[in-house]
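Work through the exercises below with the sequence and the structure at hand. Each task is followed by its solution.

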Amino acid sequence: MTPVSETAAPEPLDQNEDHRRPYGLLLVAVPVLLVVWLVIWPIISAIQRTVWQPTADRGYAFSLDTYAFFFSDRYSLDNLTVTLWTTGMCAFLLLLICLPIALYLRFSTGKLPAYVQSLAIFPMFVPSIILAYAFIRVLGPNGMVDILLNSVGLPKIRTPYLTPWGPVIGLVWDNIPLTVLILLAGLGNVSNQSIEAARDVGARWGQVLWHIILPRIGNSILVALSFSVLGIFSSFTLPYVLGPAAPEMMGPFMQRTFREVNDPQMAITQAVITFGFCIVFGLFYVRSVAKNQGT
Amino acid sequence: MKRREFMFAAGATAGALMLPRSAFAVEGRIDWYTNSDSNILDFWANTVKPAFEAANSGVTINLVDAGDGAGLISIAERAMAAKQTDTDPQADFFESADPHLPSGAIEAGIYANIKEAGLSNYSKVNPLAIESDYGLPYRGSQVLLAYDSTKLSAADAPKNWDDLVAWIKANPGQFIYNRPDKGGSGGNFVRRAIHQANGLDPSLFTVDNYSEELGNETLGKAWDILADIAPALYDGGAYSSGNTQSIQLLAQGVVTMVPVWSDQVLQAIDQGVLPPDTGLVQLQDLALCGGFSRAVVIENGVNRDAALKLADFILSEEIQSAILTELGGFPGVSWDYVSPELRERFADIVPTTIPTFPGGDWEAAINDGWYRNVAPNVDRNA
């Protein structure tokens, strides 16, 4: 053993303060510029196009007409409501399904958890269009479930196909892997010792979960939910194929307004409003990441 | 052959193959372009091309996929430029194009007047399908009603709109059509309701007569008709999200009747997706809308005469029957010129009229209006 290691604290490669900063900035410059060019700029330009509209006399003027229309239009508001409902319902169900799976995977040993984990990750590799058609064949009318029920003399199910529950079931299935993985990563923070200590003083499972585990993974839950919520809010394929014609979720609604109704101005307005809701969840995520960095 | 000669010959052949394939038009090789789906290109490659080349020795067809409508129009624009400079347009035949595009093409004289060209089969063309002397309607497709013949006998199948509505209401949950913007089968069913609401007169709607006032008046009545039948549709007013999904619901025995495209349903029957005894019926008071693909011959192409021969050839009974049996399309010729056996087999779908509906502003108004007034089922429980 050499005693040198005790004294040698890691030192910055370049010790000159004046030179260090630009190099660090250069490293992040490319992604930052890409984000500015491909994300930030389109957002600004979209917002600008919706509030700065052409007038009758070929000029441009500030106007909130499209927003006023959206928020006074029963049909648009119904679509927004169903999107919020779907997102909330998916988030709730995801937590309900994924937390037990993650807890099981974290606290059990042996071969079985490995199989359970690969099964939980499996939906990640299934493209959503294939999922949609498989869903129709299994849960759809006269699908596999109906055939099985019928063979044992039970009545058919009330199929969720073409109802708001269709996209909910599809989206929850699609988002299980990401949620499980993030929760599992968060559960890594919970040390076995703290749980053992709690059980030594007589805590039951419910108390361990409530007082020891949940406080440690609160952040992960927030991150997992904001990730899946962001994806679900603007999802397209599953609500389009499995959902009802009306009310429709914002994804299909925007696409239809843009292409079929041929009204790009309104489509951009819908996009900006969708973005407004998503940014709230985005801020949750950024806040929790910043909090983690700070500690 | 000596080694050296072989090398030389091989090099020359390889070099020739490496030249851009359409660098110059070749006498006796028809440069053919399409913007249709791959099933059409396959049909030409496997059926039309071998038959035509066997019947006309020395003439070949060079099948080129132009991608989309814009690709085809740019080739037509090249032909217009070539006409002005009296050079070779390197194109002879468009499989499916609108002769009115690009604007001024007919006046510039780049499209052959097929009516005047003296085609021996031109008189057979279905007069309902002819829109212009410069476009040759050789295949079509129309929306009709497909039904499960185990649940509904052919004698009871509705033959006009009122019977259809009565049937839908008498059999709740047994009919579904898809959202009008997601596929033409539901789209043209909605357009048929618009015709119904406006005195069965398709001529009321033209590509440039849309106004908000006229739209609200004419379409509003159609929304009433469609909202009225909504509670009797599948699941109390659900709408499938495309042509294929409607066929899937019919195939799974969920519903008894759906509107379908003729070519898609014939293909589905052919592939076993739907049983062979699937019933097909067309409304006889006014048919559901349909459309034709029109072939166009380039007037100033090097192979104009051969291309016209090809145009004549695709109207022959051989190809027209193949369009029915292999492509699942509609013949471009009148049904009298289809073999009696096929006429018998497809008797139910023979149209007496092929109404059309304009696109443009009407389309946007229908797509928006249907979603606002019919899809939400506001009157469902009222």
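**Exercise 1: domains of chain A**

The C-alpha centres of domain 1 of chain A and domain 2 of chain A are 31 Å apart. This is a predicted model, in which local features need pLDDT of at least 70 and side-chain atom pairs count only at pLDDT 80 or more, while totals for chains, interfaces and linings use all residues. Residues are numbered from 1 along each chain as its sequence is written, and chains are lettered from A and ligands numbered from 1 in the order in which they are written.

Task: state where the two domains of chain A lie and how many residues join them in contact.

Solution. Step 1: domain 1 covers 24-63 and domain 2 covers 74-294, with bounds from an automatic or database domain assignment. Step 2: five residues of domain 1 of chain A touch five residues of domain 2 of chain A, contact meaning C-beta atoms, placed from the backbone, within 7 Å.

**Exercise 2: overall form of chain A**

Task: compare the radius of gyration of chain A with that of a compact globule.

Solution. Step 1: for 295 residues, a compact globule would have a value near 19 Å; the rule is 2.2 Å times the number of residues to the power 0.38, over C-alpha atoms. Step 2: chain A has 25 Å. Step 3: the C-alpha trace of chain A spans about 80 × 75 × 35 Å along its principal axes.

**Exercise 3: contact between the chains**

Task: count the residues in the contact between chain A and chain B.

Solution. Chain B gives 18 residues and chain A gives 16 residues.
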